[in-house]
Amino acid sequence: ASLRFIEGNENIVFLGPSGVGKTHLATSIGIAAAKKRTSTYFIKCHDLIQNLKRAMLENRLEARLKHYTKYKLLIIDEIGYLPIEPEDAKLFFQLIDMRYEKRSTIFTTNVNFRAWDEVFREPKLANAILDRILHHATVVTIVGESYRLKDHFVQEDK
């Protein structure tokens with residue numbers, strides 16, 4: 001909440017199952033940063049990749065990468081919820097590489113880091129992405145049941 005991680009160009013990764021509050025926490029930090037006039041941008045991973053793909057097809061990839069790199073804080077939500085094609089993983093890598101040690105990024109994911117090669121379908125690329133993300137990162141692992149589902153399951157008496 002102090003936002004010191006932004007001054008140090010560090011990252012935060014919220015890791016945990018669906019419904020435990022990862023997006024809520026990332027959004028709250030993003031709002032706090034925006035209130036302090038820190039340029040902040042929130043985007044779902046799937047939307048980010050679709051935007052990069054479209055920009056590449058329109059011959060404006062470099063401009064789109066610069067757009068996402070200019071923000072002091074970028075929040076990329078839901079990494080791993082949808083599979084990422086190898087060509088798309090290369091676009092994602094380019095963005096992560098451009099921001100590495102220059103800007104802060106918050107990531108939310110439900111996928112353990114060991115399984116990121118399955119998400120990105122390219123183990124070497126997944127490793128390079130993780131290497132840059134985790135080098136200067138705080139990983140917050142959240143364990144628990146989904147807040148969205150908690151009222152829909154009856155607790156058994158013991």
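Leaving aside its neighbours within four places in sequence, which residues is Thr38 in contact with? The answer is Ile6, Ala33 and Lys72, where contact means heavy atoms within 4.5 Å. This is a predicted model, in which local features need pLDDT of at least 70 and side-chain atom pairs count only at pLDDT 80 or more, while totals for chains, interfaces and linings use all residues. Residues are numbered from 1 along each chain as its sequence is written, and side-chain values use heavy atoms, with hydrogens and water left out.

Thr38 sits in the loop between helix H2 and strand S2; helices (H or I, at least four residues) and strands (E, at least two) are DSSP runs, numbered from the N terminus. Because its relative accessibility is 15%, Thr38 counts as buried, a term that means under 20% relative accessible area, with exposed meaning over 50% and partly exposed in between (1.4 Å probe, protein chains only).

**Helix H2**

The 14 residues of H2 (residues 22–35) should span 20 Å at 1.5 Å a residue, and the end C-alpha atoms are 20 Å apart, which agrees; the expected span is 1.5 Å times one less than the number of residues. Buried in H2 are Lys22, Ala26, Ile29, Gly30 and Ala33. Seen down the axis of H2, these buried residues fall within an arc of 100°, so they line one face of the helix, the arc being that of the directions from the helix axis to the C-beta atoms. On the other side of H2, His24 and Lys35 are exposed. The cover over the buried residues of H2 includes helix H1 (4–7), S1, S2, S3 and strand S4 (104–109). Arg37, which follows H2, has a positive phi, near 65°.

**The sheet**

Five strands form an open sheet in the order S2-S3-S4-S1-S5, with parallel pairing, and two strands pair if DSSP finds at least two bridges between them. Strand S2 (40–44) and strand S5 (137–141) are the edge strands, each pairing on one side only. Neighbouring strands of this sheet are turned by 15° against each other on average, direction ignored.

| Strands | Bridges | A bridge partner pair |
|---|---|---|
| S2 and S3 | five bridges | Tyr41 and Leu74 |
| S1 and S4 | four bridges | Phe14 and Thr108 |
| S3 and S4 | five bridges | Ile79 and Thr109 |

Six of the six residues of S4 are buried, so S4 is largely enclosed by the rest of the structure. Both faces of S4 are covered, with Ser104, Ile106 and Thr108 buried on one side and Thr105, Phe107 and Thr109 buried on the other.

**Nonpolar cores**

A nonpolar core is a set of buried Ala, Val, Leu, Ile, Met, Phe, Trp, Tyr and Cys residues joined through side-chain atoms within 4.5 Å. The largest one here has 32 residues, and those with the most contacts inside it are Ile76, Phe92, Trp116, Phe120 and Ile129. Among the elements that each supply at least two residues of this core are strand S1 (11–15), helix H5 (86–99) and helix H7 (123–135). Leaving aside its neighbours within four places in sequence, Ile76 is in contact with Ile43, Cys45, Leu48, Phe92, Ile96, Thr105, Ile106, Phe107 and Thr108.

Methods
Axes are lines fitted to C-alpha atoms, for helices over the stretch in contact, and angles run from 0 to 180 degrees between N-to-C directions.
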